[in-house]
Amino acid sequence: MITIDNTLGKNTLKILKNPITSLIIALLSSIYFYYISLSNKTPAYFITVPELIAQKADEKLRIFYDNTELENVYSSELILWNDGDKFIDYSDFIKNKPIKLYSTDSINILSVSISKVSRDDLKFRTIIIKDTVNIFLRDEEALEEGDGVKFLLLFTIVSKGVINPKFELESRIKGTQKGFLYKDLAIYKPNESKLSLYFLWGIIIFFISFRIIILFLYKKPIVFRNVEAVIIFSLILITSYLTIKHVFYTANLNWL
């Protein structure tokens with residue numbers, strides 16, 4: 001039986017003043033706000049402007065691909081990456097709804113290959129079906145934070161009226177509303193909206209500033225109790241680690 005009296009209040013206050021209790025509270029707070037930042041999956045893609053790499057000039061200069069004569073050959077690069085903090089598992093991809101890249105203009109896709117990948121064990125499989133590139137993530141793989149892959153796409157423009165064909169990408173990723181979203185790498189700033197880090201640093205600054213202001217107003221020496229020192233030190237330590245981790249993953253985009 002628990003009796004609510006002065007003794008209970010003193011014991012509770014004693015527990016709260018214990019540095020170990022403060023450390024646990026600080027750790028739990030940091031972990032909580034860290035996992036808040038992992039709440040969203042953010043798959044993204046970018047495709048470069050088509051580049052002419054070969055063109056038939058006359059009967060002496062002819063282009064063949066797999067015994068088929070072509071008028072021209074263009075290349076584009078498709079980049080897929082995880083722009084969020086939460087990993088995208090292979091089970092988040094639907095097997096009968098792969099990532100599809102196609103153009104509404106008159107083109108024939110010749111080949112697609114991986115030209116760069118963030119890590120060697122990140123495997124993808126591609127199939128071309130009726131001028132549509134179907135992309136599959138290998139089983140037991142996942143797109144971790146900052147993971148990405150770059151595909152080299154070769155194609156030929158069939159209609160002479162087409163100059164810069166437009167590509168469309170369709171995808172279905174569990175945990176997202178629209179799958180892979182287009183992001184322009186020309187103005188791209190990696191994963192800047194790190195709300196949890198801003199919030200944690202805000203708590204630290206507020207905690208320290210509040211304590212200093214109160215002591216200053218009461219004209220007392222600016223000192224911190226053991227409990228306060230433990231909380232502040234723990235928050236700074238954990239938040240610094242999360243900040244460094246965030247900076248590392250946004251500065252080391254190996255698929256670029």
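1. In this predicted model, phenylalanine 167 has a relative accessible area of 12% and therefore counts as buried, the cut-off being under 20%. Phenylalanine 155 is likewise classed as buried, at 0% relative accessibility.

2. The rings of phenylalanine 155 and phenylalanine 167 form an edge-to-face pair, because their planes meet at 75 degrees, with the centres 5.4 Å apart. This pair connects distant parts of the chain: phenylalanine 155 belongs to strand S12 and phenylalanine 167 to strand S13 (residues 167-170), twelve residues apart.

3. The aromatic pairs number six by the rule applied here. Among them is the edge-to-face pair of phenylalanine 124 and phenylalanine 151, with 5.9 Å from centre to centre and 85 degrees between the planes. Here too distant parts of the chain are linked, since phenylalanine 124 is in strand S9 (residues 124-129) and phenylalanine 151 in strand S12 (residues 148-157), 27 residues apart. Phenylalanine 124 is buried at 9% relative accessible area, and phenylalanine 151 is buried at 1%.

4. Two further ring contacts deserve a remark. Tyr45, Phe46 and Tyr182 are joined into a cluster by ring pairs. Arginine 125 is placed over the face of phenylalanine 136, 4.4 Å from the ring centre.

5. On the surface, a nonpolar patch is formed by Ile212, Ile213, Phe216, Leu217, Tyr218, Ile222 and Phe224, which together have about 750 Å² of accessible area. Leucine 217, one of these residues, lies in helix H3 (residues 195-217). Its relative accessibility is 59%, so leucine 217 is classed as exposed.

Conventions. Residues numbered from 1 in each chain as written. Predicted model: local features only at pLDDT ≥ 70, side-chain atom pairs only at ≥ 80, totals over all residues. Heavy atoms only, no water. Patch = residues over 30% accessible without salt bridge, like charges linked within 9 Å, V, L, I, M, F, W, Y side chains within 5 Å. Areas by Shrake-Rupley, 256 points an atom, 1.4 Å probe, with all protein chains shown as cover. Salt bridge = Lys/Arg side-chain N within 4 Å of Asp/Glu carboxyl O. Helix = DSSP H or I, 4+ residues; strand = E, 2+ residues; numbered from the N terminus. Buried < 20%, exposed > 50% of the residue type's maximum accessible area, 1.4 Å probe, protein only. Phe/Tyr/Trp six-rings, centres within 6.5 Å; stacked < 30°, edge-to-face > 60°. Lys NZ or Arg CZ within 6 Å of the ring centre and 35° of its normal.
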